[in-house]
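Trainee: I would like a close look at one part of this model, residue by residue. Could you take me through the contacts and what surrounds them?

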Amino acid sequence: MGPHHPVRPAVMLPFAGLVGTESALRGIWEVLQLTRMRQVDLAVVGAGPAGLMAASTAAGAGITVLVLERETWTGGRLGLQPQALQGPESIYQGLTGMEFGERLKETALSAEVELATDATVSHLAATSFTPRTFRLRHATLSGVHEVAARAVVLATGSSEPWATFPGSTLAGV
């Protein structure tokens with residue numbers, strides 16, 4: 001007796017063998033999946049200053065915008081700064097980072113931007129057909145959700161390098 005090979009049932013399709021059939025079926029499947037998802041014009045990943053400004057500007061142009069933020073607050077690193085911001089008075093007006101981040105959030109919400117905090121994006125993929133659509137999967141406390149967006153802005157913020165010096169890894173340093 002030779003090695004065991006699983007038996008696969010034959011599937012007969014009336015259009016089997018036609019050129020491009022498989023990719024056409026994949027496209028139809030993607031369209032069917034997208035029709036069951038929430039649809040937005042723009043998804044913005046990140047609710048720091050860049051993400052909130054992009055969202056507010058886009059919403060001001062009349063498109064539907066969803067902002068997905070991993071953290072429970074908005075404003076990115078600015079949202080954590082309790083001291084007055086350094087820079088042009090015409091922009092920061094003596095506000096702390098927390099206050100400025102809150103102002104950006106209020107501007108976005110008043111422009112009818114939908115904001116989801118504590119939403120971790122785990123998947124982003126483009127469809128294989130035109131017009132291109134993007135699928136985003138994100139997790140919140142209420143479960144896993146999928147969204148279809150005509151465009152995506154990735155505004156995932158900055159990361160500062162850790163200062164390394166002798167003793168920098170000791171507790172309390």
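Mentor: Gladly! Leaving aside its neighbours within four places in sequence, Leu124 is in contact (heavy atoms within 4.5 Å) with Phe134, Arg135, Leu136, Val152 and Leu154. Please keep in mind that this is a predicted model, in which local features need pLDDT of at least 70 and side-chain atom pairs count only at pLDDT 80 or more, while totals for chains, interfaces and linings use all residues. Residues are numbered from 1 along each chain as its sequence is written, and side-chain values use heavy atoms, with hydrogens and water left out.

Leu124 sits in strand β4, residues 120–126; strands (E, at least two residues) and helices (H or I, at least four) are DSSP runs numbered from the N terminus. With a relative accessible area of 38%, Leu124 is partly exposed, the class between buried (under 20%) and exposed (over 50%), using a 1.4 Å probe and protein chains only. From Leu124 to Val147 is 23 residues in sequence and 9.7 Å in space, C-alpha to C-alpha.

Now turn to Thr74, in the loop between β2 (65–68) and α3 (89–92). Thr74 has a relative accessible area of 10%, so it is buried. Beyond four places in sequence, its contacts are Ala47, Leu52, Gly79, Gly101, Lys105, Leu115 and Thr117.

Some of those names return where two helices meet: Pro49, Leu52, Met53 and Ser56 in α2 touch Gly101, Leu104, Lys105, Thr107 and Ala108 in α4. The residues of this contact comprise five nonpolar, three polar and one charged; Ala, Val, Leu, Ile, Met, Phe, Trp, Tyr, Cys and Pro count as nonpolar, Asp, Glu, Lys and Arg as charged, and the others, Gly among them, as polar. Helix α2 (residues 49–60) and helix α4 (residues 97–110) pack at about 25°, their axes 9 Å apart. These two helices are therefore roughly parallel, a label for angles under 35 degrees. The α2–α4 crossing is left-handed, that is, the near helix is turned anticlockwise from the far one by less than a right angle.

Last, the rings. There is one aromatic pair in the structure. The ring centres of Tyr92 and Phe100 are 5.2 Å apart and the planes stand at 70°, so the pair is edge-to-face; pairing needs centres within 6.5 Å, and edge-to-face needs planes over 60 degrees apart. Tyr92 is partly exposed at 21% relative accessibility, whereas Phe100 is buried at 12%.

Terms used: Rings of Phe, Tyr and Trp (its six-membered ring) pair if their centres lie within 6.5 Å; planes under 30 degrees apart count as stacked, over 60 as edge-to-face and the rest as tilted. Axes are lines fitted to C-alpha atoms, for helices over the stretch in contact, and angles run from 0 to 180 degrees between N-to-C directions. Angles under 35 degrees count as roughly parallel, over 145 as roughly antiparallel, 65 to 115 as roughly perpendicular and the rest as oblique.
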